[in-house]
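Subject: Structure for your review

Dear colleague,

Please find the structure below, together with its sequence. A summary of the findings follows it.

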Protein chains: 4
Amino acid sequence: MMIPAQEEVALSRVARRKVETNRRLLKVARQLFSEKGIYWAKVEDITELADLGKGTFYKYFESKEAIIRVLLEEGLSELAAETDAAVRRASSPAKILSAAITTRVDFFLRHPDYLLLFHQVRGMLQLQVDAAKGLLEVYDAHLRWLAKAVRPAVEGTEASTARDLATAIAAYTSGLLTYHVLFEGAEGVRRRRDSLVHAIEQSVKALIKSGSGRSISLKRGK
Amino acid sequence: MMIPAQEEVALSRVARRKVETNRRLLKVARQLFSEKGIYWAKVEDITELADLGKGTFYKYFESKEAIIRVLLEEGLSELAAETDAAVRRASSPAKILSAAITTRVDFFLRHPDYLLLFHQVRGMLQLQVDAAKGLLEVYDAHLRWLAKAVRPAVEGTEASTARDLATAIAAYTSGLLTYHVLFEGAEGVRRRRDSLVHAIEQSVKALIKSGSGRSISLKRGK
Amino acid sequence: MMIPAQEEVALSRVARRKVETNRRLLKVARQLFSEKGIYWAKVEDITELADLGKGTFYKYFESKEAIIRVLLEEGLSELAAETDAAVRRASSPAKILSAAITTRVDFFLRHPDYLLLFHQVRGMLQLQVDAAKGLLEVYDAHLRWLAKAVRPAVEGTEASTARDLATAIAAYTSGLLTYHVLFEGAEGVRRRRDSLVHAIEQSVKALIKSGSGRSISLKRGK
Amino acid sequence: MMIPAQEEVALSRVARRKVETNRRLLKVARQLFSEKGIYWAKVEDITELADLGKGTFYKYFESKEAIIRVLLEEGLSELAAETDAAVRRASSPAKILSAAITTRVDFFLRHPDYLLLFHQVRGMLQLQVDAAKGLLEVYDAHLRWLAKAVRPAVEGTEASTARDLATAIAAYTSGLLTYHVLFEGAEGVRRRRDSLVHAIEQSVKALIKSGSGRSISLKRGK
DNA sequence: TATGAATGAGTGTTCATTCAT
DNA sequence: AATGAATGAACACTCATTCAT
């Protein structure tokens, strides 16, 4: 992992400004995408809020679609990094699940904009639309990674089991949070954070137990 | 539930044609929204595929947004109707859950276009966009209804518990199916239907049990 | 050849309006392309001058490039038709050349806008630019046709000779008129019409004679 | 004609670099204008290919239009210089024509980029566009010079005759070469160089003869 | 009622030019 | 002098919607 402070110290003032501009565009785009959606947010809205000329956007991103892709990659990679750290700290297979779920919930409660962005991207991915090309692979890579990370929790089973488990974790978390944020607002959901984490954990664990006679078996923690 | 044949018999030929045109537009719109998404599908695509003049669309629906709303209402109400029938058939509180979940899964496997449409609408609902106005209430009403329908499964608890249960059923189903359809295709998911139904059931039931010490308690079936 | 009056009588009012709009767009585009050039003339300039909405343009032509192509085809085909008529009237091979040249000069003096449009298109055709695709073939077809039309004037020689002759006729006419219009204005050139026709005729005929020992030989008229 | 070596020796290193940069920009611009045309070639394409910063372009040329003007002037003056040298070498009035035509053809076969650039400029000159201002005078000066240079070939006639002759030489050469390059490629035309030179010579000389009874009369060489 | 020609505000994107470094 | 980040006016093209027929 990079140490930004040091890295940037090595850059010239101009280079630092470029990095800063890049960041500002991404930040503003994330905000606007979550306020108006990837479709209704215009490139000009982004540059205006970022206090930049419209042309500047295209110096940093090839197209509107490109910035969505970068945000998706950044978001998923940040989520993966946090999950990775938490999973490493887990002392038993069972705790791995808790760690992954908790991290995921907390990530989305901290970044409801990503919750919505990912939701919209998942919607787009199912369309026969150019914009979807390539993004599917990005998302799939994330799930493959998550499957690998939670593999110890279902040790001894086939790889496909871990993938199903990863899918369930992702689906339940995104699904439940989206519904609750929708009807209760982000703040309301934040207050119920513990109960939601608990609920998802139970649901996912039930999945493993139930699968024992089938394809998923839980490796009991100590 | 209505009996179309009888109803239409009572209508004049002109009126029957109108109903038929209305239906064709809705059907075609559903198809195109799920192929290209509500944004990328143009009104003209719809009328063209429906073999109608472009102006005709606006004789039946005030706007593109309006047809989305009608589709949402129709879809949710069909889903509710099927769920209602299944739940009525359930002989015990526990079976109510199974019935609701199974119906939901089967509904979306039969109508993957609704799965995607609802997904897109949920995304839109979070936006500060005119198009979202009003739709939230439609969706909320459906969940309120579902909460009421599954209430017997958590009898004795507060209303909010049933609502949480309904939310979980809806969220888990939509979430899991969306992810699986995304990466495995609708056909692949259809083949795994049983295992997905089972998984969601387990997940939802675990939720109730876990909640017993908290807020959700399962009314055991006989 | 069609008889517009009759043909249009058969069309509905709406259809007649469409034909009329199509014509107006072509006419206005021709004018503007010759005033500002194919690059500096904007689509909006065209629709504005045609007193139409901007979108209307795209109902009639796929793109700006498309209308250029249509104008090129129309212009070349009109030129070919006039040349054809004149050549048919020619009573001897030698007169064929005169007829072709005279028609060409008169065509461009009557339509200086085509003189410029064709000039611009020839310039574009040499570029490695998408817009050039396809247009080359249109132009080439015209020259092939012209070669065939003047073939009798160089009877007995190879086909390539006729093609060279056609090229010379086209090149000398366009070249000379363009230079003269440039420095003397269209009106000035119109006044010298006879001398220019005569000059080009002499030049082209000299070409044939000179080629006699080589590849071009003139078929003497009576 | 300047003697670069000597001239540059007198310059400081910095000044020499400036001259070199200036030349590189002109060379690259010529190449790109002939590949993509003066409109489609971007300033950034030029500086990039010249391996310079974009801003540098504007240190050397006021605008994109300005570099076109410089290229036109340079090209025409180089062409004039070569023609001048050849014409001086001509031992008779008749040979002056041959010299002028041969030089012109060879110049364009050596520099097909100038053939295209001049063609595009001639097109632009007819437009009511700011970019055309001033360029017309540059082109006109060249033709006035050419008229003077070929004057001996039509000695005794009015000045306007020489101008018409100059126009014909320029028009026939550019016209014919453009058409042939267009359909046969620069390489193909180069192979037919002799026959094209011969053809243009005959055409131009026929012009003089024919004009004798009118306005152009050929001063016979020995 | 049904139509589809017409519309024009709005979109993503481009590019010549500027200017702080 | 050289740079290249920033700019914003312009442009080609789109599409939901209207309305005369």
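Buried area is the accessible area, taken with a 1.4 Å probe, that two parts lose on being put together, summed over both. In this predicted model, chain A and chain B bury about 4400 Å² between them, and carbon and sulfur atoms account for 69% of that area. On the side of chain A, the residues that lose the most area to chain B are A:Gln126, A:Tyr179 and A:Phe183, which together make up 17% of what that side buries. The contact involves 49 residues of chain A and 50 residues of chain B.

Between the two chains there are 15 residue pairs in polar contact and 2 salt bridges. A salt bridge joins the side chains of B:Asp164 and A:Arg192, with a distance of 2.6 Å from N to O. Within chain A, helix H9 gives the most to the side that touches chain B, namely 16 residues. By class, that side of chain A has 24 nonpolar, 17 polar and 8 charged residues.

B:Thr167 lies in helix H9 of chain B, which covers residues 159-191. Its contacts include A:Leu176, A:Tyr179 and A:His180 from chain A, as well as B:Leu143. B:Thr167 counts as buried because its relative accessibility is 3%, and the cut-off for buried is under 20%.

Finally, an unreviewed UniProt entry lists residues 19-79 of chain A as "domain: HTH tetR-type". Over these residues the chain is 85% helix and 0% strand, and the end C-alpha atoms are 22 Å apart.

Yours sincerely

Terms used. Residues numbered from 1 in each chain as written. Chains lettered and ligands numbered in written order. Predicted model: local features only at pLDDT ≥ 70, side-chain atom pairs only at ≥ 80, totals over all residues. Heavy atoms only, no water. Helix = DSSP H or I, 4+ residues; strand = E, 2+ residues; numbered from the N terminus. Buried < 20%, exposed > 50% of the residue type's maximum accessible area, 1.4 Å probe, protein only. Contact = heavy atoms within 4.5 Å. UniProt positions renumbered as here; feature names shortened; annotations may be inferred. Salt bridge = Lys/Arg side-chain N within 4 Å of Asp/Glu carboxyl O. Polar contact = N/O pair within 3.5 Å; in protein donor to acceptor, adjacent residues only side chain to side chain. Nonpolar A, V, L, I, M, F, W, Y, C, P; charged D, E, K, R; others polar. Lists of a residue's contacts leave out its neighbours within four places in sequence.
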